[in-house]
Amino acid sequence: MGDRYFPNEMPDYIPETTTTAVDETVSERNNKDSLTKLLSLPYNILSQRLKASALDVKDTVVRETWGMSGKRVKDYSLYTGALGTAYLLFKAYQVTRNQNDLNLCSDIIKACDSVSRDSGRVTFICGRAGVCALGAVAAKHAGDGRLLDHYLAQFKEIRLPSDLPYELLYGRAGFLWACSFLNKHIGKETISTSRKRAVVDEIIKAGRLTRKGKCPLLYEWHGKRYWGAAHGLAGIMLVLMDLELTPDEVEDVKGTLHYMIKNHFPSGNYPSSEGNKSDCLVHWCHGAPGIALTLAKAAEVILV
């Protein structure tokens, strides 16, 4: 693979300065040392600058994806549609407690709720489960018990088709992610352990049946055994690590991650699917970026 990265020219550590401000001209901001100067600021000043910049980006995204659309939902999903804007507003609300962000978040979710009711998709990122889960959490923060009950009731009516795949974007792992989101933000047994366990059992059983060689778990989607976050091992393992597993299931997850680590490309990238020798995809969906997030989670919870 060619060099598909930017060289890291930053030092490993930049000590804080004692100054309370850094005065820069426009030309200095464009200078290659500008980032070094920014990172040398005292933490409280740096964090406020980063937050202000992030909120500016949030306002731009909301304006261009919701305001300029005429406040109409064409794509309701969190992945590529209006629910993603609502989720951004919710994340901003968590930081600032700006009630306007929460109110607009709730309005967008209501529009997505109306559009998605006949959807056959059941995951957090691309399906009905995401609308109901985010809607319930936003309603809880807004103190709207009636709306909270509505979204939870709608979520609990979701049924998983027997031919549903196992991956994160469109499959069983994506539904479990929505369950974990609800339990994290509303309460541990909002979605019962028994309901989650039934789906975990299906995922583990399928992974063991499809496994090959030294990899304890493998999953097939459209004829390929994918490794990445969207359709493969990385996304499924990420979700499983957020759930209660039996000791043998934990060992299968660890063994799968060890297998992936041992079989990465010399470049540091990862195959997009089992047996694929092409070292060219470097996205969240396929390649090292999505797998890195899973390995970071693993280091936190099971110490691979």
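Which residues does R172 touch, not counting residues up to four places away in sequence? The legends below answer this and describe further close-up views of a predicted model.

In this predicted model, local features need pLDDT of at least 70 and side-chain atom pairs count only at pLDDT 80 or more, whereas totals for chains, interfaces and linings use all residues. Residues are numbered from 1 along each chain as its sequence is written, and side-chain values use heavy atoms, with hydrogens and water left out.

**Figure 1**
R172 touches L160, P161, S162, L164, P165, Y166, E167, V199, E202 and I203, not counting residues up to four places away in sequence; contact means heavy atoms within 4.5 Å. With a relative accessible area of 5%, R172 is buried. Buried stands for under 20% relative accessible area, exposed for over 50%, and partly exposed for values in between (1.4 Å probe, protein chains only). Helices (H or I, at least four residues) and strands (E, at least two) are DSSP runs, numbered from the N terminus.

**Figure 2. V199 of helix 9 and its contacts.**
V199 counts as buried, at 5% relative accessibility. Not counting residues up to four places away in sequence, V199 touches L160, R172, F175 and L176. V199 and F175 are 24 residues apart in sequence, and their C-alpha atoms are 8.8 Å apart in space.

**Figure 3. Helix 8 and its packing partners.**
Helix 8 has 14 residues and reaches 20 Å from its first C-alpha to its last, close to the 20 Å expected at 1.5 Å a residue. The expected span of a helix is 1.5 Å times one less than its number of residues. Because 12 of the 14 residues are buried, helix 8 is largely enclosed by the rest of the structure. The buried residues are R172, A173, G174, F175, L176, A178, C179, S180, F181, L182, N183 and H185. The buried residues of helix 8 pack against helix 4, helix 6, helix 7, helix 9 and helix 10.

**Figure 4. Helix 6 and its packing partners.**
The 15 residues of helix 6 should span 21 Å at 1.5 Å a residue, and the end C-alpha atoms are 21 Å apart, which agrees. Helix 6 is mostly covered, with 12 of its 15 residues buried. These are R128, A129, G130, V131, C132, A133, L134, G135, A136, V137, A138 and A139. The buried residues of helix 6 pack against helix 4 (82-96), helix 5 (99-116), helix 7 (145-156) and helix 8. After helix 6 comes G143, whose phi is positive, near 75°.

**Figure 5. Contact of helix 6 with helix 8.**
The axes of helix 6 (residues 128-142) and helix 8 (residues 172-185) come within 9 Å and cross at roughly 5°. This crossing makes helix 6 roughly parallel to helix 8. Axes are lines fitted to C-alpha atoms, for helices over the stretch in contact, and angles run from 0 to 180 degrees between N-to-C directions. Angles under 35 degrees count as roughly parallel, over 145 as roughly antiparallel, 65 to 115 as roughly perpendicular and the rest as oblique. On the helix 6 side, A129, A133, L134, A136, V137 and K140 meet F175, A178, F181, L182 and H185 of helix 8. By class, this contact has nine nonpolar, one polar and one charged residues (Ala, Val, Leu, Ile, Met, Phe, Trp, Tyr, Cys and Pro count as nonpolar, Asp, Glu, Lys and Arg as charged, and the others, Gly among them, as polar).

**Figure 6. An aromatic cluster of Y87, F124, W177 and F181.**
Y87, F124, W177 and F181 form one aromatic cluster, and a search of the whole structure finds 10 aromatic pairs. Rings of Phe, Tyr and Trp (its six-membered ring) pair if their centres lie within 6.5 Å; planes under 30 degrees apart count as stacked, over 60 as edge-to-face and the rest as tilted.

**Figure 7. V253 in helix 11 (residues 247-262).**
V253 is buried, with a relative accessible area of 1%. Its contacts are L217, M237, L240, M241, L245 and I302, not counting residues up to four places away in sequence. The C-alpha atoms of V253 and A111, 142 residues apart along the chain, are separated by 38 Å.

**Figure 8. Loop residues K71 and H222.**
K71 lies in the loop between helix 3 (43-67) and helix 4. K71 has a positive phi of about 60° although it is not a glycine, and K71 is exposed, with a relative accessible area of 55%. H222 lies in the loop between helix 9 (193-210) and helix 10 (233-240). The phi of H222 is near 50°, a positive value in a residue other than glycine, and H222 is exposed, with a relative accessible area of 68%.
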